[in-house]
Amino acid sequence: MIVAGPKSNEIAGQHVRDLLEANGVTVDVVQVKAATIKDVSVVEDQIKIKKPNVLFGIGGGTKIDAAKLSSAERGIQYISVPTTLSHDGIASPLASVKGLGKPYSVMVQAPLAIIADTEVIAQAPWRSTISGCGDVISKLTAVEDWQLAQVDKNEYYGEYAGSLALMSARLVMRNAGEIHPGSEEGLRILLEALISCGVAMSIAGSSRPVAAQNICSATP
């Protein structure tokens with residue numbers, strides 16, 4: 001089953017469907033607008049009816065999150081097919097859900113696989129790529145916050161997961177000159193960094209390696 005938005009289905013979803021059907025795979029498509037509780041419920045209902053073996057989440061963060069959460073709720077795996085590189089949600093085990101007053105993140109599952117076509121991703125607005133670079137570089141602050149949480153609140157700190165997040169940030173900064181419009185190599189560098197950030201979350205079991213936290217105690 002393919003979960004996509006109208007635009008992402010046009011950009012990549014139909015092509016994925018054609019490839020699967022050409023190889024004898026029956027494919028259903030569910031279009032969603034976001035990753036709200038309502039959208040996730042719609043996908044879950046279709047999973048109950050169609051009983052797919054795997055979901056393909058195709059699009060940006062919200063469409064992949066809808067596939068991520070609904071597949072986890074129904075006990076099947078999903079494959080991430082990003083059409084933009086705006087943040088690390090394409091590879092993370094967390095999903096951001098809206099519909100209960102304010103967005104919140106839940107730990108669900110990491111993708112079975114990530115299939116990213118840089119020719120497709122290159123069609124996305126350049127601001128999405130810039131956003132993805134900023135997201136990766138912000139891991140420098142996130143890891144320092146995590147280390148501070150260990151000192152200030154005796155929280156668990158995973159050195160391997162933290163090091164992986166830091167390596168991703170430094171990879172993007174070191175190769176910033178390669179990341180520009182029309183550069184497939186630049187997109188590949190950013191993609192690898194975002195995937196590494198997702199892996200860091202899976203290892204840590206939380207968003208600590210990648211998301212800044214308000215953990216400091218008040219000091220007079």
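Two strands count as paired if DSSP finds at least two bridges between them. Helices (H or I, at least four residues) and strands (E, at least two) are DSSP runs, numbered from the N terminus.

A note on what you're looking at: this is a predicted model, where local features need pLDDT of at least 70 and side-chain atom pairs count only at pLDDT 80 or more, while totals for chains, interfaces and linings use all residues. Residues are numbered from 1 along each chain as its sequence is written, and side-chain values use heavy atoms, with hydrogens and water left out.

Five strands line up in the order β2-β1-β3-β4-β7, with parallel pairing. β2 (29-31) and β7 (113-114) sit at the edges with a single partner strand each, so one side of each has no neighbour in the sheet. At the β7 end, β4 (residues 77-82) pairs with β7 in the parallel sense over two bridges. Look for Ser80 here: its bridge partner in β7 is Ile114.

**View B. Two helices on the sheet.**
Helix α2 (residues 37-50) lies across β1 (2-4), β2 and β3 (54-59), and runs at about 165° to β2. Helix α3 packs on the sheet too, touching β1, β3 and β4, and its direction makes about 165° with that of β3. (Axes are lines fitted to C-alpha atoms, for helices over the stretch in contact, and angles run from 0 to 180 degrees between N-to-C directions.)

Lys63 belongs to helix α3 (residues 61-73). Beyond four places in sequence, the contacts of Lys63 (heavy atoms within 4.5 Å) include Val3, Ser8, Val32 and Ile58.

**View D. An aromatic cluster around Trp146.**
Trp146, Tyr156 and Tyr157 form one aromatic cluster. Rings of Phe, Tyr and Trp (its six-membered ring) pair if their centres lie within 6.5 Å; planes under 30 degrees apart count as stacked, over 60 as edge-to-face and the rest as tilted. The structure holds two such pairs. For Trp146 and Tyr156, the centres are 6.2 Å apart and the planes at 70°, so the pair is edge-to-face. For Trp146 and Tyr157, the values are 4.8 Å and 65°, so that pair is edge-to-face as well. Trp146 is buried at 1% relative accessible area, and Tyr157 is buried at 16%, whereas Tyr156 is exposed at 56% (the cut-off for exposed is over 50%).

Notes. Buried < 20%, exposed > 50% of the residue type's maximum accessible area, 1.4 Å probe, protein only.
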